[in-house]
Amino acid sequence: MSVIGTYDLERASNDMIDGMRDGCHGAAPLPGRVSDWMVDLLRDARLHQWIAQHGSPLNVVNPEHFIRNASEMIRITQERGVQFRPFFARKANKCLAFVDAAIDAHLGLDCASEEELLQSLDRGAKPSNIICTAAVKNRGLLERCVSVGATIAVDNFQELSAIENIQRGESSTARLALRMSGFLHGGNKLRSRFGFDMDQIPELLRRLDDHPESLRSITGLHFHLDGYSGSQRVSAIQQLIPFVDSLREAGAPISFIDIGGGLPVCYLNNEADWSRFWREHQRALTEQRGEITYRNDPLGRTVDANRVLGEPKAYPFFQQPAWDAWLAAVLDAEIDGEPIAQALATRQLELRCEPGRSLLDNAGLTIARVEGVKALNDGAGAILLSMNGTQCRTSSADFFVDPLLVRARATEARVALPANQSGYLFGAYCTESDLIVKRKLVFPEGIGVGDLVVLPNTAGYFMHFLESRSHQFPLAKNAVYDRSTPSLLSLDGIDENDRAKRKTAP
């Protein structure tokens, strides 16, 4: 299945959005995929009113698209005879609308903190549909997981011992998934901070043999791999299947293999734009053309004697295969002459994963209001937004999708930059480095106070993963779009809960 095939439903939207694209594009353009519901929202006459009501920036999410993505994952696995359950990685987005949607659709929830766990339980999630993958698990979190019966991805011997000590005082039995790492791939070891190394399997088996209560608690195997390589996942599954057989022979009720997250998302319309951007960026860094990033930001690379060295610190915003074809390819890959899908089905092993970006693909956007514009001394324009750089940021060096521009509806005179002015989007933090997008942008028809800058497809990590409230600025509000009632843009439960806490605080 091709990337384009998955996104046929969005082609009409891309035609409709051209007017908004025309208002803003990169000096080296990177037009992104935009879904139909986003077009409907951005064309709504009440958009500016909603920004005035809820503040800027405003995150808008759409659980319907989240469920569409989950349904496609389930279809791909069912066609191959595989039992499958995705566990939504809550760390990718804090909105409770996605938690509610996951519960209604009988999906699982991946919680990486006690607060995420408690919220999920409060919304009605079954403990059997929760896995805790927290990188660091204190005793309180482990106690909570054991007492309610949530699955724990056990990372090391210390965690295993702590769980055993907790179980001695509990009537319930813990559900455990051994998190494994150190797989061999292409002759190299895939190193990770997470999990038991595969070389520790003999030690693990000996220890579990001495602790039969722990052995009986192990219901699955889990792994986390950095990056988005499908072939690395194939290697990991291949090496875990014999361990599944060994654990079952020892008496462990293993019922699943969990491949973690990392299902790749394609944010851009085509590869040519992505390749052209990096060519032009290299030319800019070597002074063969004008800058296309603020003060020639190298985006993680270095320049030495007119040579550009290293790799950009960037998520691959264009990549193929995207998550649907990627998942199919992993299941179709053969190990020892047998497709992975068949190996799992033969052993009655459920496949689990913890998607974040891929479930949230095209399920949200971020809107910010222009509060000021001015010319910089190098001739570029500074566009000042009611927003800060942490409100659309991950570990990637920049947000590599061109914003959309929605014009102010007011007719009175306003401060604006002239047509064809290029410039940069600056945030509200009092630092030189607070840019919303580091790339130089062009505004063919100008841009002014009251206009709205729209960052598409931000639901997966960009909205919340690094957000902060320095200067005591409030965090962005989160609104939920419902196609059946588009006139009602209500706040997400995460903001309603915060508001209720403030009202009841002494």
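Between which helix and which strand is the loop in which Asn296 lies?

Modeller: The model is predicted, so local features need pLDDT of at least 70 and side-chain atom pairs count only at pLDDT 80 or more, whereas totals for chains, interfaces and linings use all residues. Residues are numbered from 1 along each chain as its sequence is written, and side-chain values use heavy atoms, with hydrogens and water left out.

Asn296 lies in the loop between helix 14 (271-285) and strand 13 (302-304); helices (H or I, at least four residues) and strands (E, at least two) are DSSP runs numbered from the N terminus. The phi of Asn296 is positive, about 55°, although the residue is not a glycine. With a relative accessibility of 23%, Asn296 counts as partly exposed; that class lies between buried, under 20% relative accessible area, and exposed, over 50%, for a 1.4 Å probe and protein chains only.

His471 also has a positive phi without being a glycine, here about 65°. This residue is placed in the loop between strand 25 (452-456) and strand 26, and its 40% relative accessibility makes His471 partly exposed. For context, most residues other than glycine have a negative phi, and most peptide bonds are trans.

Two peptide bonds are cis. The bond from Ser56 to Pro57 has omega near 0°, and Pro57 is found in the loop between helix 5 (47-54) and strand 2. The bond from Gln320 to Pro321 has omega near -5°, with Pro321 in the loop between strand 14 (307-309) and helix 15.

Strand 2 and helix 15 return in the surroundings of helix 6. The buried residues of helix 6 are Pro63, His65, Phe66, Asn69, Ala70, Glu72, Met73, Ile76 and Thr77. They pack against helix 4 (36-42), strand 2 (58-61), strand 3 (84-89), helix 7 (96-104), helix 15 (323-332) and strand 26 (477-480); contact means heavy atoms within 4.5 Å. Helix 6 (residues 63-78) has 16 residues and, at 1.5 Å a residue, should span 22 Å, which agrees with the 22 Å between its end C-alpha atoms; the expected span is 1.5 Å times one less than the number of residues.

Helix 10 is mostly covered, with 8 of its 11 residues buried. These are Phe157, Glu159, Leu160, Ala162, Ile163, Glu164, Ile166 and Gln167. Their packing partners are helix 9 (139-148), strand 6 (151-154), strand 7, strand 10 (196-197), helix 11 and helix 12 (212-215).

Helix 10 (residues 157-167) and helix 11 (residues 201-210) pack at about 10°, with their axes 13 Å apart; axes are lines fitted to C-alpha atoms, for helices over the stretch in contact, and angles run from 0 to 180 degrees between N-to-C directions. The two helices are therefore roughly parallel to each other, a class for angles under 35 degrees. Helix 10 contributes Phe157, Leu160, Ser161 and Glu164 to the contact, and helix 11 contributes Glu203, Leu204, Arg207 and Leu208.

Strand 7 (residues 175-181), one of the partners of helix 10, holds Ser181. At 6% relative accessibility Ser181 counts as buried. Not counting residues up to four places away in sequence, Ser181 touches Ser192, Phe194, Gly195, Phe196, Asp197 and Met198. By contrast, Gly186, in the loop between strand 8 (183-185) and strand 9 (188-190), counts as exposed at 71% relative accessibility.

The largest nonpolar core has 128 residues, and those with the most contacts inside it are Leu178, Met180 and Phe317. Such a core is a set of buried Ala, Val, Leu, Ile, Met, Phe, Trp, Tyr and Cys residues joined through side-chain atoms within 4.5 Å. Helix 13 (residues 230-250) gives the most to this core, with 8 residues. A second, separate core of 21 residues includes Leu42, Ile367, Leu404 and Tyr481. Leaving aside neighbours within four places in sequence, Phe317 is in contact with residues including Val265, Tyr267, Trp274, Phe399 and Phe462.

Finally, Arg21 is found in helix 3 (residues 18-22) and counts as buried at 13% relative accessibility. Arg21 and Leu405 are 384 residues apart in sequence, but 6.9 Å apart in space, C-alpha to C-alpha.

Definitions and conventions:
Parallel < 35°, antiparallel > 145°, perpendicular 65-115°, else oblique.
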